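Here are my notes for someone opening this one for the first time. Have a look at the picture, then read on.

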Amino acid sequence: MLNSITIGRYCYRDSLIHRWNPVCKLVCSILYILFVFQVNQWIQVCLFSLFLLMLLLLSGFSVSYYFRPIWNLRYMIFALIFFYFLFSVPFYQSFLLIWKMVVVILYSMMVLYTTPIGDLTYALTVLLYPLSWFGIPVLLMSRMIGLSLSFLPNIIEQARRILKSLTVRGMDYKHAHFKQKLQIWKMILFPLMDNSFRYADTVADTMEVRLYSVDQKIRFRKMSIHFLDMIQLVFHIGLCLFAWRGVILCGI
């Protein structure tokens with residue numbers, strides 16, 4: 001179960017998406033996710049799906065690598081389908097809602113897989129910079145988000161170790177019934193919370209030793225925008241304009 005969870009883990013590949021400027025990548029992900037909720041027609045569903053599939057293939061990972069974590073959400077998806085069926089929600093609307101949820105997860109996973117935490121922090125700092133004009137600590141916010149994302153792989157790895165230790169002691173999660181699974185999760189969560197707090201204290205002490213402070217000016221590696229970045233940005237803008245045009249036509 002936990003072996004297929006890879007959310008928040010950066011994996012290096014020599015791909016086009018990895019070389020993509022992180023600021024453009026974050027802007028395009030925001031555009032894509034915002035306009036995917038405006039999709040209401042089958043042709044838009046197909047176009048957005050094909051575009052996302054092309055990006056997943058260009059990232060250097062197999063499609064199954066992305067859909068493996070989605071498979072762990074199958075029970076939640078089945079519960080949503082049952083919920084929509086119970087309240088007589090039309091099939092088309094049910095399909096659109098589930099498709100939008102899966103698409104948003106896949107695109108977010110692609111960004112996290114192909115972007116180091118430092119580059120994400122840099123992109124967030126650049127995008128949120130206008131908020132600093134109103135006295136909002138943009139650098140602190142970006143650093144907190146970056147640290148939170150870097151915690152995810154560590155927490156998942158610790159959960160795997162605890163689960164393996166429980167398996168050695170005779171508690172098999174795969175073949176346990178529902179009540180036993182709840183007990184196993186209880187045995188996982190409490191040590192996991194304790195280890196996470198200890199890890200957070202260690203990171204805080206390390207940052208303090210390295211003289212990190214809220215007012216410290218951090219110099220990120222400057223990343224220039226290349227021609228391929230502009231092409232990707234134009235493709236995303238064109239896709240969003242197509243979705244916006246469909247919304248206007250539906251409104252008329």
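The points below go from the overall layout to single residues.

1. A word on the ground rules. This is a predicted model, so local features need pLDDT of at least 70 and side-chain atom pairs count only at pLDDT 80 or more, while totals for chains, interfaces and linings use all residues. Residues are numbered from 1 along each chain as its sequence is written, and side-chain values use heavy atoms, with hydrogens and water left out.

2. The layout. The protein chain has 9 helices and 0 strands (DSSP runs, H or I of at least four residues for helices and E of at least two for strands, numbered from the N terminus). Of contacts between residues at least 6 apart in sequence, 80% join residues at least 24 apart; contact here means heavy atoms within 4.5 Å.

3. Of the 252 residues in the protein chain, 36% are buried (buried is under 20% relative accessible area, exposed is over 50%, partly exposed is in between, with a 1.4 Å probe and protein chains only). The accessible surface comes to about 15900 Å², and carbon and sulfur atoms hold 70% of it (Shrake-Rupley method, 1.4 Å probe; for residues, only the protein chains shown count as cover).

4. The main core. The largest nonpolar core has 42 residues, and Tyr32, Phe48, Leu52, Tyr66, Trp99, Tyr107 and Met110 have the most contacts inside it. Such a core is a set of buried Ala, Val, Leu, Ile, Met, Phe, Trp, Tyr and Cys residues joined through side-chain atoms within 4.5 Å. Two or more residues come from each of α1, α2 (42-58), α3 (63-71), α4 (74-86), α5, α6 and α9 (227-251). The largest share, 13 residues, is from α5. Apart from this core lies another, of 7 residues, including Ile162 and Leu192.

5. A closer look at α5. Leu96 lies in this helix and counts as buried because its relative accessibility is 5%. Leu96 touches Val39, Asn40 and Val45, not counting residues up to four places away in sequence.

6. Leaving aside neighbours within four places in sequence, Lys100 is in contact with Val36, Phe37, Val39 and Asn40.

7. Over to α9. Leu233 lies in this helix and is buried, with a relative accessible area of 17%. Leu233 and Cys28 are 205 residues apart in sequence, with their C-alpha atoms 6.3 Å apart.

8. Finally, the surface. Tyr129, Leu131, Trp133, Phe134, Ile136 and Met141 make a nonpolar patch of about 660 Å² (patch residues have over 30% relative accessible area and no salt bridge; like charges are joined within 9 Å, nonpolar side chains, meaning Val, Leu, Ile, Met, Phe, Trp and Tyr, within 5 Å). Tyr129 sits in the loop between α6 (117-127) and α7 (138-168), and counts as partly exposed because its relative accessibility is 48%.

Notes
Salt bridge = Lys/Arg side-chain N within 4 Å of Asp/Glu carboxyl O.
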